Amino acid sequence: MRGAEIFVQALKDEGVEYLFGYPGGAVLHIYDELFKQDAVRHILVRHEQGATHAADGYARATGKPGVVLVTSGPGATNCVTGIATAYMDSIPMVVFTGQVPTHLIGNDAFQEVDAIGITRPCVKHNFLVEKVEDLAPTIRKAFYIAASGRPGPVVVDIPKDVTADSCEYYYPKNIEIRSYKPTGKGHPGQIRKAIQLIFEAKKPMVYTGGGIVLDDAAEDLKEFGHLTGFPITNTLMGLGGYPATDPQFVGMLGMHGTYEANMAMHHCDVLIAIGARFDDRVTGNLEKFCPYAKIVHVDVDPSSISKNVPVDVPIVGSAREVLREMNQLLREADFKPRDKSNPWWRQITEWSALDCLRYDRTTDVIKPQYVIEELYAVTRGDAYITSDVGQHQMWAAQYYKFDKPRRWINSGGLGTMGFGLPAALGVQLGFPDSIVCCVTGEASLVMCIQELSTALQYNLPVKIINLNNRYMGMVRQWQEFFYDRRYSHSYMDALPDFVKLAEAFGHVGMRIEHARDVQPALKEATGMKDRLVMMDFLTDQTENVYPMIASGKGHHEMHLAPGNPQPQPSDRELA
Amino acid sequence: MRHILSILLENHAGALSRVAGLFSARAFNIESLTVAPTEDPTVSRMTLVTSGSDEIVEQIVKQLNKLIDVIKLIDLNDGPHIERELMLVKVLARDGGREEVKRLVDIFRGRIIDVTDTTYIVELTGASRKLDAFIEAVNGELIMEVVRTGVSGIARGTRALNVGTPTAAPRTPTKAAKSADRAARGAANPAHLL
């Protein structure tokens, strides 16, 4: 079998549904084979970055690895942002890059780039396939590495002559890599120590991240929540890992987290962190982080444990396995769940009563928060929401109450503007009958706007919620707070007419200028089941994201929106 | 604190740059690094000397273990160990200086392996500290060139690093192994310091 046939057959054996790609010289043999079959559907994007984000969105929503095929040189370099995005958020992805023929490697050949060298710092692993015999086993290894343990992107660089050479086809079902043995079950002794702390805790707090979503552990976390009665917060990446409408959920934590979540973090005496990595946007000032807490940390990646914050009870293992183990022990021990009448919960309820996400609902200027709340209502909380990066991302995270995992798709770690639209296309392919919305801003949206063509070609009826404030809102917000309102290059001048732009690409465009029109427009757009609708909401230009922890501050030092009472209780009285 | 890490990694093209890249990307220190294939040609052994607080070294070990090409590693500082480094020094050896250099080389148990009218090449093996001490002892103006291999290290006693066996000493060591370990730990004036 020729290398190109082996490639396609291996993808079939791997059960790949969609291949996001863009052809070019080095991968022409493969494209010729793709032409002859229809088991693996190729999605032609308009820019390789779009291919990686679309595959990434597909992976986040379905849990299956996203698969990308691009050519050598610029094809590979255009993928780097998307690969780094997936790497930072631990998303399983396999990216195949074409390479010049082996005899030309190192000769500065046409469209040659050291793809392995360029991607090395932002992949879980990468491979150069040196001969055709290695092709099938390498593809199997790539999928295995990408999807197991702490997932991540894997790049496979395939020289053109390898796709022309022939050998016998054999696709190994199971693969052994002596240097790679991901951990599953947690250490029983450590788990018992964690249970001990759960029993002793007077002010417990559960903080979970993307690991719950990636490991499909949401059901187990829900059970853990109900067995313990503990308050639970999610990171930006972990939203949907615990139902947002559950009374024990205290909202997102961190820089733009809720007052109650951050205050509870600051004052807790036992912190149970699961599948989260103590990112700087979550912890704030490390010196002031959870000063009174004993910390349990469950993570599949040992290097995440005690990286930023020293941990008292480290547990290396998969979130799902460890949660099941802990749930079992809690049931056996007949743990009595904490009810809302105990002093800790009463304190948290008091913090919640501040209603830190309040905003002005009386005006007819469109408040971006209002758009998200209406979107939540109109979609009954059941949509897949992708986002770009900036203020709109925070508002979507704060105001759309995700009850299920894999519904909130955003670039949390790398913060990649331009991610939302192509990611939404990937999600829509995975869930053709669901409502998929891309919440974005006018600055992020244009970064991958070319993918509107892809959406038309494959009839992907994504709803684009463009919160258009004519600013790079988050940049403007920081300039307002920390640079004396010198709005250096954060104003979006010379914007396109987004309605006409959508129409030019063959889609439906809408402009919404008043708060009273928001809900009807959303209903109309979501009613159009087979059309992509670009909704251009002209929003309040100077709205800021609150609450906010400025850098260098601790969880208990939040800024609330102006006009809110700011009852910052002193540290001492709560300690 | 200075740590010596012994690392077994797949003998692939690019495995070395994964390790080196990790250190530069995460701003870890490398004092020295040596690598060569082992008796099993599919495996390379790297000895890497780094320094940092316990937390940093713990993070370095975890990050190295995370690399797919790393099969196994140990921190030699976790137990008694021997380190060796080879150094070649080209020194000016003229007139009266010739005798003095020769005497120093003898004191340090080095060897002169090349002689010309005006120069010696000195070969010296030992722990890095010993090599440092030699360089300090020689008049700096005489030194023309120094080349060092970087540290190679190995654990003493039954603790061994190879692909087939567990990294730590066996859980229930044999009597012989126990006494060997005790001997290794108890050696008051270990030969490797010389």
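**The interface between chain B and chain A**

In this predicted model, 18 residues of chain B and 15 residues of chain A take part in the contact between them, where contact means heavy atoms within 4.5 Å. The area buried between chain B and chain A is about 1,400 Å², and carbon and sulfur atoms give 47% of that area; buried area is the accessible area (1.4 Å probe) that two parts lose on being put together, summed over both. Of the area that chain B buries against chain A, B:Arg18, B:Lys62 and B:Ile68 supply 46%, more than any other three residues.

The rule finds 2 salt bridges between chain B and chain A, a salt bridge being a side-chain nitrogen of Lys or Arg within 4 Å of a carboxyl oxygen of Asp or Glu. B:Glu10 forms a salt bridge with A:Arg178, with the closest N and O atoms 2.7 Å apart.

On the side of chain B that touches chain A, the elements giving two or more residues are α1 (15–25), α2 (54–66) and β4 (70–75) of chain B. Helices (H or I, at least four residues) and strands (E, at least two) are DSSP runs, numbered from the N terminus. The element α2(B) gives the most to this side, with 5 residues.

Residues are numbered from 1 along each chain as its sequence is written, while chains are lettered from A and ligands numbered from 1 in the order in which they are written. Local features need pLDDT of at least 70, side-chain atom pairs count only at pLDDT 80 or more, and totals for chains, interfaces and linings use all residues, while side-chain values use heavy atoms, with hydrogens and water left out.
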